[in-house]
Amino acid sequence: MPPDAARRSDRSRRAILVAALELLEALGYSRLTIEAVAARAGVGKQTIYRWWPSKGPLLFDAFLEYGPAGADALPSGVLAVDLKRELRTAAEELAERRLDQVCRVLVHEERTDLVTLLLMPRRMALEERLRTAQRLGEVRADVDVSAAAELLLGPVYQRWFLRTAPLTGEFADAVVDLVLRALTG
């Protein structure tokens, strides 16, 4: 009986993704090559190029599968606590060296999937929590929830992207405190 090609392909794909993340950590993005990933994963370069056109999309897929996990904690019932946890998680993820390098490259490459797959889930989680707070009367009824979520995330992503100052949990907490004054006042 011949080996199952689908299992072999999945095993190769996972080996490539893991190798790419390991080499990114060891070498940094600029020194990472497809050849090095292929050698470490035990596959040919052509196997990688069959699935990914360059190292940016390869690393993006690696992060989707093996990268930092978002905050999946249930709401605490305290709006400020929930929003701070969400923004702190965003700040921690962006501060992780591997994710930082990949996201910066993908922003440079103008990859819309970065926004769709990595940033939108966080925004959607914030919007849902703010809608719940609106229903409970914790946030004014006239607040545009979508704009409020952007108001929360915007400073975090701006500080990360422009490197205007350190991106810390304390900064994320300060953003939440300022925004909540506007949403509840």
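Author: The bend at a residue is the angle between two fitted axes, one for the seven residues ending there and one for the seven starting there. The model here is predicted.

Reader: What makes L153 a bend in α8?

Author: The angle at L153 is about 30°. A proline, P155, follows within four residues.

Reader: How long is α8, and what span is expected for its residues?

Author: α8 has 18 residues. From first C-alpha to last, α8 reaches 25 Å. At 1.5 Å a residue, 26 Å is expected, so the two values are close.

Reader: Why is R123 called buried?

Author: Buried means under 20% relative accessible area. R123 has 18%, so R123 is buried.

Reader: Where is R123, and what does R123 touch?

Author: R123 lies in helix α7. Beyond residues up to four places away in sequence, R123 touches S146, A149, E150 and L153.

Reader: What makes the pair R123 and E127 a polar contact?

Author: Their side chains are joined at 2.8 Å. The cut-off for such N or O pairs is 3.5 Å, so the distance qualifies.

Reader: Which residues of α8 are buried?

Author: They are V145, A148, A149, L152, L153, V156, Y157, R159 and W160.

Reader: What does L130 touch?

Author: Leaving out residues up to four places away in sequence, L130 touches L79, L83, V139, V145, A148, A149, L152 and L183.

Note on methods: Residues numbered from 1 in each chain as written. Predicted model: local features only at pLDDT ≥ 70, side-chain atom pairs only at ≥ 80, totals over all residues. Heavy atoms only, no water. Contact = heavy atoms within 4.5 Å. Helix = DSSP H or I, 4+ residues; strand = E, 2+ residues; numbered from the N terminus. Buried < 20%, exposed > 50% of the residue type's maximum accessible area, 1.4 Å probe, protein only. Polar contact = N/O pair within 3.5 Å; in protein donor to acceptor, adjacent residues only side chain to side chain.
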